[in-house]
Amino acid sequence: MNIYVDFDDCLCESGRFFSGLAADMFGKNVPYEEMRFFNLQQAFRLTDEEYRELLIRGHEDEMLLSIEETPGASAVLNEWIRRGENVTVITGRPYRTYEVSRLWLDRHGLGDVQLLLMDKYGREDHTVKADFILEPEDYYRMKFDCAVEDSPSAFRFFGHLPELKVLVFERPWNRETELPGNNFIRCSGWETIRAITAGEPGC
Ligand SMILES: [Mg+2]
């Protein structure tokens, strides 16, 4: 079984982290539970300049390393790997964060998980090449049985796989989103994901 796993807000608590950072940097008090938008500029009502500064500060190495693991994430991924599943973390983080993102996974017991960076949100220079960069044309040649994703903006990457089971990691910014199909299933956390995927062929 091939499993796609998103990184931020699936493996780690990035939304909570950015909520705290926006408060510290700009005095924007939008608690995690009130983050109604996946886009951080909208979520915290930031100016263009504030948003730019937030992303720069928030993607510094020590900042990314400080983000807490989502409870149960590494346990479930390691159970899948022990079961022989092929698990790939595919994140839309900036390419320059590869090394620190890899280090975060290693520090959280996820050293055996493959990490690929794909420009999900159109932010990158596509002349940059590296083994860890997943170009969309290569992504669309991959086959997945199951995906774990929180961002409604990323659902478009699953449209070509109607059989794919998409486990939507529930977050405040996707609670009111209309899901694109019956193959999308809301999951409140890793215990639910574990239960849904336990012993099921094809996830
Ligand atoms: Mg995410």
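**Helix crossing.** I started with α1 and α3, and their crossing is right-handed (left-handed would mean the near helix is turned anticlockwise from the far one by less than a right angle, right-handed that it is turned clockwise). Helices here are DSSP runs of H or I with at least four residues, strands are runs of E with at least two, and both are numbered from the N terminus. I noted that this is a predicted model, where local features need pLDDT of at least 70 and side-chain atom pairs count only at pLDDT 80 or more, while totals for chains, interfaces and linings use all residues. Residues are numbered from 1 along each chain as its sequence is written.

**Angle.** Helix α1 (residues 14-26) packs against α3 (residues 48-58) at about 120 degrees, with the axes 11 Å apart. Axes are lines fitted to C-alpha atoms, for helices over the stretch in contact, and angles run from 0 to 180 degrees between N-to-C directions. So α1 is oblique to α3 (under 35 degrees is roughly parallel, over 145 roughly antiparallel, 65 to 115 roughly perpendicular, the rest oblique).

**Who meets whom?** I found F18, L21, A22, M25 and F26 of α1 meeting E50, E53, L54, R57 and G58 of α3; contact means C-beta atoms, placed from the backbone, within 7 Å. The residues of this contact split into 6 nonpolar, 1 polar and 3 charged (nonpolar: Ala, Val, Leu, Ile, Met, Phe, Trp, Tyr, Cys, Pro; charged: Asp, Glu, Lys, Arg; polar: the others, Gly among them).

**Sheet.** Next I looked up the open sheet: 6 strands, parallel pairing, order β3-β2-β1-β4-β5-β6. Strands pair if DSSP finds at least two bridges between them. At the edges sit β3 (114-117) and β6 (184-187), each pairing on one side only. Strands β1 (residues 2-5) and β2 (residues 86-91) run parallel over 4 bridges, and V5 has V89 in β2 as its bridge partner. Helix α8 (residues 190-197) packs on the sheet, touching β4 (146-149), β5 (165-169) and β6.

**Domains.** The assignment, automatic or from a database, gives domain 1 (2-12 + 68-197) and domain 2 (14-65). I noted 15 residues of domain 1 in contact with 14 of domain 2.

Technical notes: Two residues are in contact if their C-beta atoms, placed from the backbone, lie within 7 Å.
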